[in-house]
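Please examine the following structure, with attention to its helices, its open spaces and its aromatic rings.

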Amino acid sequence: QLGPSCLACPTEEWASVLLTIAGVLLVGALWLALNAYAMTEDNLDLALLFAQIISHVQEFSIDWPSSLSEVSTVFLVLNFDTSFFGPNCLFDWTKHSAYVLQLVLPVIWAGMSALFVLAARLHLKFHLAGRTNLANLLRYTVGLVTHMPHRHKTLFKLEDKAVTRSLMLLIILYNGLCRTSFAAFVCTDLPDGRSFLSDTPAVLCGSATHAGMQALGAIGIMVYVIGAPALLLSLLAYGRSNNLLRDERFLDRYGFLYTRYDSSRWFWEMVLVGRRLGITLVLVFLQGTPFAQALGGMFVLLVAIVVQFMYRPYSNARTNVVESVGLATTLFYIICGVNFHARVEFAEELAIALQVLTWGTVLLCVTLTARNAYSKHLGVKASKQLDAKLIELAPSLRDGHAE
């Protein structure tokens, strides 16, 4: 399985194994890269948020034109949806399997991060104690994946990075976690009185499998849907009340949550989380009612647009413009969806215009991200040149001072 499509499995078993490993590695590498850089670059983060919201809108019960399938496929993987790639050629991979994996993905990541931090602590302990054999063992094994520190300051940086990446992943996965948690509670009735899970038709409501999924969904609602935003908001409120928002250690761990916003908008990341939640609620609980979904989606987007124009939360004026463009494009996407479902005569022309506008918005975000990265590179280069010049002039400055 690749996105919404199913591909024929290779006839040779070794080819199936190779194809599965390659697919998992490619998707995993993309997700790791997005988790590492998306929320550290404002415009790239907005592009990812835009793609994830569009991915949910694309799943509204609307007769979307087939020409938009490319948008759906690309944005589905950007939504960190575990059902995007299914290793069906090797074993029985079902929607239920993807459901479980989606909910445990943050736990797997947090567990791996904790193990890496533990290994780093042991390496530093062995290094300082002079037990070089054990330190080198960790360095040449775990050290291939993560940096092994030689000083306490480096260890603190590594711990801060692990916390930051785990929280970043939690926010990036929030759309999918909300949808997966809610999906276990939405059933579709059959004429014979039975019902099946709307998101996973192979599972009958009331079955043992459904009961297990509901238990996981309830945990997901408590931990992810409610718990994660509450935790992040509590951290931000604690930092603000204790004047820690400019503290170096607090910045290293949680700065990605608030440094891009004006100081009075320190909480704005939670507003974006609320937007993700609103669109997900519309998608899941209004499933099968395309016009109701469209109205619900437009309401969420209109509220977001009004709030954005009223408060302009980003400290960078250009970022406020990019956010406004993304919101307007998403609203236009839903309006086009209504026209597609009504089967208007100019549907194909509208689909082309929608593709141009959608990819244009993504290109704008990526271009501004590249521009910012280049500006940072020039700044670092100029700083290094200045340092080198000062070192070169240091002897003459000392001589002049001595005279």
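The model is a predicted one, and every value given here is computed from it.

The account begins with helix α8, which covers residues 208-241. At 1.5 Å a residue, the 34 residues of α8 should span 50 Å, and the C-alpha atoms at its ends lie 47 Å apart, which agrees with that expectation. Along its course, α8 has a kink of about 50° at Gly-227. The kink comes shortly before the proline Pro-229.

Just after α8, the backbone at Asn-243 adopts a positive phi of about 55°, although Asn-243 is not a glycine. This residue belongs to the loop between α8 and α9, the latter covering 248-254. With a relative accessible area of 70%, Asn-243 is exposed, because that value is over 50%.

Arg-312 likewise has a positive phi, of about 40°, and is not a glycine. Its place is the loop that connects α11 (290-311) to α12 (317-341). Arg-312 has a relative accessibility of 42% and therefore counts as partly exposed.

Rolling a probe the size of a water molecule over the atoms shows where empty space is left. The largest pocket has a volume of about 990 Å³. It is lined by 31 residues, of which Gly-28, Trp-31, Leu-32, Trp-109 and Met-112 are the closest to its centre. Two or more lining residues are given by each of α1 (13-37), α4 (95-128) and α6 (152-172). Helix α4 supplies the largest share of this lining, with eight residues. Sorted by class, the lining of the largest pocket comprises 21 nonpolar, six polar and four charged residues.

What lines the second largest pocket, whose volume is about 570 Å³? Of its 31 lining residues, the closest to the centre are Glu-59, Asp-81, Lys-95, Arg-179 and Asp-199. The elements that contribute two or more residues to this lining are α2 (42-58), α3 (69-78), α4, α7 (174-183) and α10 (268-285). By class, the lining of the second largest pocket divides into nine nonpolar, 17 polar and five charged residues.

The aromatic rings complete the picture. A pair of aromatic rings is described by the distance of the centres and the angle of the planes. The structure holds 11 aromatic pairs. In one of them, the ring centres of Tyr-261 and Tyr-314 are 5.1 Å apart and the planes stand at 45°, so the pair is tilted. Tyr-261 sits in the loop between α9 and α10, whereas Tyr-314 sits in the loop between α11 and α12, so the pair ties together parts that are 53 residues apart in sequence. Both tyrosines, Tyr-261 and Tyr-314, are buried.

A further pair is formed by Phe-267 and Trp-268, whose ring centres are 6.0 Å apart; their planes stand at 45°, so this pair too is tilted.

How values were computed
Residues numbered from 1 in each chain as written. Predicted model: local features only at pLDDT ≥ 70, side-chain atom pairs only at ≥ 80, totals over all residues. Heavy atoms only, no water. Helix = DSSP H or I, 4+ residues; strand = E, 2+ residues; numbered from the N terminus. Buried < 20%, exposed > 50% of the residue type's maximum accessible area, 1.4 Å probe, protein only. Expected span 1.5 Å × (residues − 1). Bend = angle between axes of the 7 residues up to and from the residue. 1 Å grid on protein atoms, 1.4 Å probe; cavity = no way out; pocket = protein on both sides within 12 Å on 5 of 7 lines; lining within 4 Å. Points joined across faces, edges and corners; volume = space filled by probe spheres on them. Nonpolar A, V, L, I, M, F, W, Y, C, P; charged D, E, K, R; others polar. Phe/Tyr/Trp six-rings, centres within 6.5 Å; stacked < 30°, edge-to-face > 60°.
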